[in-house]
Amino acid sequence: MKDEVNIDAVIPTPIHLFKNIFKTMIQAHDLRHMNEETIERTIQIPTGHINATDFKLNEDEIVFLYKSGYTSTKEFLSKWDFEQYKVKRITKRKE
């Protein structure tokens with residue numbers, strides 16, 4: 001997961017400006033929806049320099065994302081306790 005908004009420093013044309021505005025909006029939107037309630041039930045997958053709108057990935061990037069997702073998911077599921085999560089959510093609602 002990207003935990004900060006990252007845009008290119010150089011904006012040589014209006015097209016680059018639009019791309020950076022769009023990229024910033026997407027990243028900020030994703031960050032906005034991560035809060036205390038959602039973060040504990042979300043598998044965070046490190047993507048390195050790859051963004052959600054990068055559609056032309058090379059083989060190395062694809063393998064990196066696959067391994068990163070697999071590793072993150074295994075780690076998350078080894079610690080995840082759904083019953084404990086339900087109890088916590090019910091308790092929080094009563095407060």
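Let me begin with a term: a residue is called exposed when its relative accessible area is over 50%, buried when that value is under 20%, and partly exposed in between. Tyr66 is exposed by this rule, because its relative accessible area is 59%. Please keep in mind that the model before us is a predicted one.

I shall start with the overall architecture. The protein chain contains 4 helices and 0 strands, and along the sequence the pattern reads α-α-α-α. Of the 95 residues in the protein chain, 13% are buried. The chain exposes about 8,000 Å², and 60% of that area is supplied by carbon and sulfur atoms. As for contacts in the protein chain with a separation of 6 or more, 58% of them are between residues 24 or more positions apart.

Let me now turn to the aromatic residues. A pair of aromatic rings is described by two quantities, the distance of the centres and the angle of the planes. How many aromatic pairs does a search of the whole structure find? The search finds 5. One of them joins Tyr66 and Tyr70, with 6.3 Å from centre to centre and 15 degrees between the planes. This pair counts as stacked because planes under 30 degrees apart are given that name.

Where do these two tyrosines sit relative to each other? Both belong to helix α3, which covers residues 59–79, and they are 4 residues apart, so about one helical turn separates them. Tyr70 has a relative accessible area of 48%, so this residue is partly exposed, whereas Tyr66, as I said, is exposed at 59%.

A further pair is formed by Trp80 and Tyr85. Their ring centres are 5.1 Å apart and their planes meet at 40 degrees, so this pair is tilted. Is Tyr85 buried or exposed? Tyr85 is buried, at a relative accessible area of 10%, while Trp80 is partly exposed, at 27%. Trp80 and Tyr85 also belong to one aromatic cluster, together with Phe76 and Phe82.

Next, the surface. Which residues form a nonpolar patch there? The patch consists of Ile11, Leu17, Phe18, Ile21, Phe22 and Met25, and together they have about 570 Å² of accessible area. I will take Ile21 as an example from this group. Ile21 is located in helix α1, which spans residues 14–32. With a relative accessibility of 41%, Ile21 is partly exposed.

Gly48 is partly exposed, at 46% relative accessibility. In sequence, Gly48 and Phe64 are 16 residues apart; in space, their C-alpha atoms are 8.8 Å apart.

The residue of α3 that I have in mind is Glu61. Glu61 has a relative accessible area of 16%, so this residue is buried. What does Glu61 touch, if residues up to four places away in sequence are not counted? The residues touched are His49, Ile50 and Lys56. With His49, the side chain of Glu61 makes a polar contact of 3.2 Å.

To close, I return to the main points: a chain of 4 helices, an aromatic cluster of Phe76, Trp80, Phe82 and Tyr85, and a nonpolar patch on the surface that includes Ile21. Thank you for your attention.

Methods: Residues numbered from 1 in each chain as written. Predicted model: local features only at pLDDT ≥ 70, side-chain atom pairs only at ≥ 80, totals over all residues. Heavy atoms only, no water. Phe/Tyr/Trp six-rings, centres within 6.5 Å; stacked < 30°, edge-to-face > 60°. Buried < 20%, exposed > 50% of the residue type's maximum accessible area, 1.4 Å probe, protein only. Patch = residues over 30% accessible without salt bridge, like charges linked within 9 Å, V, L, I, M, F, W, Y side chains within 5 Å. Areas by Shrake-Rupley, 256 points an atom, 1.4 Å probe, with all protein chains shown as cover. Salt bridge = Lys/Arg side-chain N within 4 Å of Asp/Glu carboxyl O. Contact = heavy atoms within 4.5 Å. Polar contact = N/O pair within 3.5 Å; in protein donor to acceptor, adjacent residues only side chain to side chain.
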